[in-house]
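Dear colleague,

Please find the structure below. My notes on the packing of its helices and on the overall fold follow it.

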Amino acid sequence: MKPIRIAVAGVGNCASSLLQGLEYYRAAHAKNGQLLRGLLHPSIGPYRPSDVKVVAAFDIDARKVGKPLETACTASPNCTTQFLKRFPRYGVTVQMGPVLDGVAPHMSQYPPEQTFVVSKAKPANIAKVLKASRAEILLNYLPVGSQRATEAYASACLETGVSLINCIPVFIASDTKWAAKFAKR
């Protein structure tokens, strides 16, 4: 069965936790022949966590952009609990995303290890990266309040036919304008 190809926008704590969980259950399944406890639904249809493959990633932080995903997902300012000893090599380099409103003004008041250090790299063409990676789903893990940045990723998804799972409280699916665009696509 072919894997579910995902892209991640925002390689922060939530993305790091997701990747750790996928690897934890992938290893548990391979080791025991069955999934360990902890998942409400160890499979959805024929799919299991081991069927999810990360094929692209975006961030704006200089400590993550241009780095391998397995390095970026533990780079500052990430501070989530790390229960996975070592990440696999994903073969994915984190691309520079559009900053837009993705960095709240109050973040400038925090020390570098607790805030974003915006990369000077030129933002990637999101649609081009999604298309080249053959991503099927984009998970949006941008910071809360990143309306314009989320809309940039949503537009790229519409352009390429990639599904969007918006994991933050920014209105896309409940906005009639955006809902109509996705329904039409």
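Helix 4 and helix 5 are roughly parallel to each other, a label given to angles under 35 degrees, with over 145 counting as roughly antiparallel, 65 to 115 as roughly perpendicular and the rest as oblique. The axes of helix 4 (residues 147–160) and helix 5 (residues 176–184) cross at roughly 20 degrees and come within 10 Å. Axes here are lines fitted to C-alpha atoms, for helices over the stretch in contact, and angles run from 0 to 180 degrees between N-to-C directions. Helices (H or I, at least four residues) and strands (E, at least two) are DSSP runs, numbered from the N terminus.

The crossing of helix 4 and helix 5 is left-handed, that is, the near helix is turned anticlockwise from the far one by less than a right angle, whereas clockwise would be right-handed. Helix 4 contributes Glu-151, Ala-154, Ser-155, Cys-157 and Leu-158 to the contact (heavy atoms within 4.5 Å), and helix 5 contributes Trp-178, Lys-181 and Phe-182. Five of the residues in this contact of helix 4 with helix 5 are nonpolar, one is polar and two are charged; Ala, Val, Leu, Ile, Met, Phe, Trp, Tyr, Cys and Pro count as nonpolar, Asp, Glu, Lys and Arg as charged, and the others, Gly among them, as polar.

The model is predicted: local features need pLDDT of at least 70 and side-chain atom pairs count only at pLDDT 80 or more, while totals for chains, interfaces and linings use all residues. Residues are numbered from 1 along each chain as its sequence is written, and side-chain values use heavy atoms, with hydrogens and water left out.

Helix 3 (residues 126–133) also packs with helix 4, at an angle of about 45 degrees and with the axes 8 Å apart. Helix 3 is therefore oblique to helix 4, and their crossing is right-handed. Ile-126, Ala-127, Leu-130 and Lys-131 of helix 3 meet Ala-152, Tyr-153, Ala-156, Cys-157, Glu-159 and Thr-160 of helix 4. That contact of helix 3 with helix 4 comprises seven nonpolar, one polar and two charged residues.

Thr-150 also lies in helix 4. It counts as buried because its relative accessibility is 1%, where buried means under 20% relative accessible area, exposed over 50% and partly exposed in between (1.4 Å probe, protein chains only). Leaving aside residues up to four places away in sequence, Thr-150 touches Asn-140, Leu-142, Asn-166, Ile-168, Val-170 and Ile-172.

As for the whole protein chain, five helices and five strands are present, in the order β-α-β-α-β-α-β-α-β-α from the N terminus on. Of its 185 residues, 42% count as buried.

Yours sincerely
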